[in-house]
Amino acid sequence: MNNGSVRKPKYTLPDFLEQFPDDDAALEWLMGFMYPAGVKCHVCKKVTPHHRVKSRKSYCCHLCGHHVHPMAGTIFHKSTTPLRLWLYAIFLMASTRTGVSAKQLERELGVTYKTAWRMFKQIRSMLDEKLGPVGGEGKTVEVDETLLYPRPKRDREGKAEFKPKTIIIGAVERGGNIKTEIIGYQNREVCEGYVVANVLPGSTLYTDEFKGYYWLWKRGYSHATVRHAVHEYAVGDCHVNSIEGFWGNFKTGLRGCYKHCGLAYLPSYLNEYTFRYNRRFSDVAMFNHFLARIEKMGWWVPYSERGPRSFSEIV
Ligand SMILES: [Zn+2]
């Protein structure tokens, strides 16, 4: 595990400008990234040399003239925004900690707000993680929930309209990954169920004094609590400050940068913060982690690479 004193890999703006001096360089990079072993031409049925088609964002087979579009099926699909600006948007999102607003992107790139918002939405859609349970024998895990209160609309008399709060639960392994989930209720059934599904037995669990966690010792965890109600925030090693730090970052970003987030989009914002948090100790620069997520999705993966589709996919 790294700590703060170890120099982290950096990918700075000069690095970006050197790697992507223009749009052609960006497309050339994407082509190499999508087809590292060369392009297998659909018509020639073999790997053939391809050359760049002038004035189009595609490459052409030397032998038969079949075109390959590296942007097709990725998050850049059919976008008229230059690829280099897309990569710069990814660079911005990778270099921040509490988020970059679409308004900021609009000002920096000179695109419309609608475009900027969609770009960030598309980038966030890549960041979904399918992680297994955290913790395990000899590992320490902190579990905590946080509440998001929506700003209520007020009528003419100043009476606030009722809006339900949103509850997010999370489990973080110290020095390891975090997992988060939006839950409907904050009760024993839900919270205990979440812990059992997402934290491996044998872990040392630290939580606050919420009664929903009371019976976790029966589930194979060694469990200790801190009593926030009496302003007790750490007893020796027992605290939930790591996950509180994550909530702090997330809420600061929502409040200070994004200002508003519809419930439908909340999971994608959570993904963004989780993705960065889980790579905080990585030896690879964050920008490269983001780039590694670019892929062709669903129907756009060539048939030869995808194999036969299942019935459910076609329906
Ligand atoms: Zn060909």
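1. Tyr214, Trp215 and Trp217 make a nonpolar surface patch of about 370 Å². Patch residues have over 30% relative accessible area and no salt bridge, and nonpolar side chains (Val, Leu, Ile, Met, Phe, Trp, Tyr) are joined within 5 Å, like charges within 9 Å. Areas come from the Shrake-Rupley method with a 1.4 Å probe; for residues, only the protein chains shown count as cover.

2. This is a predicted model: local features need pLDDT of at least 70, side-chain atom pairs count only at pLDDT 80 or more, and totals for chains, interfaces and linings use all residues. Residues are numbered from 1 along each chain as its sequence is written, and side-chain values use heavy atoms, with hydrogens and water left out.

3. Tyr214 sits in the loop between β7 (204–208) and β8 (222–226). Strands are DSSP runs (E, at least two residues), as are helices (H or I, at least four), numbered from the N terminus. Is Tyr214 buried or exposed? Tyr214 is exposed, at 52% relative accessible area. Exposed means over 50%, buried under 20%, partly exposed in between (1.4 Å probe, protein chains only).

4. Cys257 belongs to helix α7 (residues 241–258). Cys257 is buried, at 19%. Its contacts include Thr98 and Ser101; contact means heavy atoms within 4.5 Å.

5. The chain has domain 1 (13–129 + 291–305) and domain 2 (140–264), with bounds from an automatic or database domain assignment. Their centres, taken over C-alpha atoms, are 36 Å apart.

6. Across the interface of domain 1 and domain 2, the rule finds zero salt bridges (a side-chain nitrogen of Lys or Arg within 4 Å of a carboxyl oxygen of Asp or Glu).

Technical notes. Lists of a residue's contacts leave out its neighbours within four places in sequence.
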